[in-house]
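Have the sequence and the model open as you read.

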Amino acid sequence: MIEEGDRISARFTYNGTCDKAFMGYQPNSTAVQMRSIDIWRVKNGKLIEHWDELNLLEVFQQIGESTVRKAEGQ
């Protein structure tokens, strides 16, 4: 976690199991790890804004619902 001025940022790793439907995809009991980077803006001791970056492509790949293919000719 890093604090500078009115911003706080942190990196998180979440671990779980795909045992419930997720964004329309059926559960398959696969172990899943998701990483995020979050940034908050603080004013008067309260969190008033939040931004995050989630790597959902990585999650879809882990549950077997997405693959990455090279473009033709590569």
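Start at serine 36, which sits in strand β3 of what is a predicted model. Serine 36 has a relative accessible area of 1%, and since buried means anything under 20%, serine 36 counts as buried. What does serine 36 touch, once you skip residues up to four places away in sequence? The list is Ala10, Arg11, Phe12, Tyr14, Glu53 and Leu54. Its side chain also makes a polar contact, at 2.8 Å, with the side chain of aspartate 38.

So let's hop over to that partner. Aspartate 38 is in strand β3, which covers residues 30–43. Here's a curious thing: aspartate 38 is buried, yet it has no salt bridge. Which side chain of opposite charge is nearest to aspartate 38, and how far away is it? That would be arginine 11, 9.1 Å away. What aspartate 38 does have is the polar contact with the side chain of serine 36. Leaving aside neighbours within four places in sequence, aspartate 38 is in contact with Ile8, Ser9, Ala10, Phe12, Tyr14, His50, Trp51 and Asp52.

Pick Trp51 from that list and follow it. Tryptophan 51 belongs to strand β4, residues 46–54. Together with Ile37 and Ile39, Trp51 forms a nonpolar patch on the surface. Between them, these three residues have about 250 Å² of accessible area.

Now for the salt bridges. How many does the model have? The count comes to four. One of them pairs arginine 35 with glutamate 58, at 2.4 Å from N to O. That pair links distant parts of the chain, with arginine 35 in strand β3 and glutamate 58 in helix α1 (residues 56–62), 23 residues apart. Arginine 35 is partly exposed, at 30% relative accessibility.

Elsewhere, salt bridges that share partners join Asp6, Arg7, Arg41 and Glu49 into one network. Take aspartate 6, which has two of these partners on show: arginine 7, with the closest N and O atoms 3.3 Å apart, and arginine 41, where the closest N and O atoms are 3.9 Å apart. Why does the second pair tie together separate parts of the chain? Because aspartate 6 lies in the loop between β1 and β2 while arginine 41 is in strand β3, and the two are 35 residues apart in sequence. Aspartate 6 is partly exposed at 33% relative accessibility, arginine 7 is partly exposed at 38%, and arginine 41 is partly exposed at 21%.

Last stop: glycine 5, in the loop between β1 (2–4) and β2 (7–18). Glycine 5 reaches 72% relative accessibility, so it counts as exposed. For a sense of span, look from the C-alpha atom of glycine 5 to that of valine 68: the two are separated by 39 Å, and lie 63 residues apart along the chain.

Note on methods. Residues are numbered from 1 along each chain as its sequence is written. This is a predicted model: local features need pLDDT of at least 70, side-chain atom pairs count only at pLDDT 80 or more; totals for chains, interfaces and linings use all residues. Side-chain values use heavy atoms; hydrogens and water are left out. Patches are made of residues with over 30% relative accessible area and no salt bridge: like charges are joined within 9 Å, nonpolar side chains (Val, Leu, Ile, Met, Phe, Trp, Tyr) within 5 Å. Accessible areas come from the Shrake-Rupley method with a 1.4 Å probe; for residues, only the protein chains shown count as cover. Helices (H or I, at least four residues) and strands (E, at least two) are DSSP runs, numbered from the N terminus. Buried means under 20% relative accessible area, exposed over 50%, partly exposed in between (1.4 Å probe, protein chains only). Lys and Arg count as positive and Asp and Glu as negative; His and the chain ends are not counted. A polar contact is a pair of N or O atoms within 3.5 Å; within protein, one must be able to donate a hydrogen and the other to accept it, and residues adjacent in sequence count only if both atoms are side-chain atoms. Contact means heavy atoms within 4.5 Å.
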